[in-house]
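The following note sets out some points on the structure shown below.

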Amino acid sequence: MKALVHDGYGNISLQERPMPHIEEAADAIVRVTRSTICTSDLHIMRGAVPRALPDTVLGHEFVGIIEEVGGDVAGLAPGDRVAVNCETFCGTCYFCKHGWVNNCVHGGWELGCRIDGCQAEFVRVPFAASACTPIPDSVSDEDALFLGDILATGWWSAKIAEIEPGGTVAVIGGGPVGIATMMCARLYDPGCIILIERDPARAELANKLRLADRLINGDAPLDTIELAVQALTRHGGADAVIEAAGGSTTFEMAWRIARPNAVVVVSAMYEQDQILPLPRMYGKNLTFKTGGVDASGLDEVMALIEAGKLDTGCLISKRYPLNDILEAYRAFEAHEDDCLKAVITPWEDR
Ligand SMILES: [Zn+2]
Ligand SMILES: [Zn+2]
């Protein structure tokens, strides 16, 4: 089968790889019908993800059709349409039982990182019963496509941000994760969502979709951004801040625009270490929640998609067959034509 492989030295190539097969009784083989390129794939490609292994098929955001299941996979059968979780988790270890599936002792972020991922024709999905969310008939593949990664991230970030009705949420970064985050934050009925974004096209989209109530130019100096947020809030900053950008100044921005006693959620992935200057924030009494998404409870998110309460169709900029995935990477990385999400469709015999 065809698959997109990274070599661990910054190179990616489209290769012929052996068909995956059932290795454990909890595995399923899924035929990929839609996948995406995620910014995390670019981080891996650049060598900025220490846990990533070389010579691995990239990709961890996808939907597909079950081809085959192992003997221990309950509730799934060949032919089922499923959205697959970016996290691999057993569902029974200490961390899974607490909902901390990113730290599952048997998994975490494995697909497209430590084991072969979804930018291929087929993929082996471990712990398939935990990983696969069935797609209802009324939901299209593309409507469900982001469930297992960016929508899961937005859902998790909004949930742990402790947003109260009428409160102010500041979201840093209006890229795909930022958009999914604002959509999920809106479900908590905040009084105001402030988006800080440097790309005018992305800010405009968030405004047009009514995801952000207020926009602040992310290119402005940090002092200016801090003052702008203070001017829009009543208690010296946002009640909750979600940092979804991962830029060179956005971590500092996140704690500076938070009001005292706010929750600061950092879902962004950085390529460099960040500084936590505790003396400067002493007495601000912030709560930081950081790290990789605990992508569990996605049945609930799928039900919101089915009910029309979460609609991520706006993220799909362009579609490329697997044949042209290298071109898709180039366009995605360059933000060409304001590309938010490049969707990969199946291989075409030409
Ligand atoms: Zn991702
Ligand atoms: Zn586990």
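1. The model discussed here is predicted. Within it, the C-alpha centres of domain 1 and domain 2 are separated by 28 Å. The domain assignment of the protein chain places residues 2–146 + 312–345 in domain 1 and residues 154–290 in domain 2.

2. As to the contact between these domains, 11 residues of domain 1 meet nine residues of domain 2. On the domain 1 side, the residues that touch domain 2 comprise five nonpolar, three polar and three charged ones.

3. A helix pair deserves a separate comment. Helix H5, residues 147–160, and helix H10, residues 298–306, have axes that come within 11 Å of each other and cross at roughly 95 degrees. Angles of 65 to 115 degrees count as roughly perpendicular, and H5 and H10 are therefore described as roughly perpendicular to each other.

4. The residues behind this crossing can be listed for both helices. H5 contributes Leu147, Gly148, Leu151, Ala152 and Trp155, while H10 contributes Leu298, Val301, Met302 and Ile305. By class, the residues of the contact of H5 with H10 are eight nonpolar and one polar, with no charged residue.

5. Helix H11 spans residues 325–333, and its buried residues are Ile325, Ala328, Tyr329 and Phe332. These residues lie on the same side of H11, because the arc they cover around the axis is only 100 degrees.

6. Which strands are included in what covers the buried residues of H11? Among the covering elements are strand E1 (2–6) and strand E2 (12–16), together with strand E15 (316–321) and strand E16 (341–345). After H11 comes His335, which has a positive phi, near 55 degrees.

7. Is Gly218 buried or exposed? A residue is buried if 20 or more other C-beta atoms lie within 10 Å of its own; Gly218 has 21 C-beta neighbours inside 10 Å and so counts as buried.

8. Leaving aside residues up to four places away in sequence, Gly218 touches Ile196, Glu197 and Arg198. For Gly218 and Ile196, the separation is 22 residues in sequence, and the C-alpha to C-alpha distance is 5.1 Å.

Note on methods: Residues numbered from 1 in each chain as written. Chains lettered and ligands numbered in written order. Predicted model: local features only at pLDDT ≥ 70, side-chain atom pairs only at ≥ 80, totals over all residues. Axes fitted to C-alpha atoms, helices over the stretch in contact; angles between N-to-C directions. Helix = DSSP H or I, 4+ residues; strand = E, 2+ residues; numbered from the N terminus. Parallel < 35°, antiparallel > 145°, perpendicular 65-115°, else oblique. Contact = placed C-beta atoms within 7 Å. Nonpolar A, V, L, I, M, F, W, Y, C, P; charged D, E, K, R; others polar. Domains from an automatic or database assignment. Buried ≥ 20, exposed ≤ 12 C-beta atoms within 10 Å, placed from the backbone. Arc of directions from axis to C-beta.
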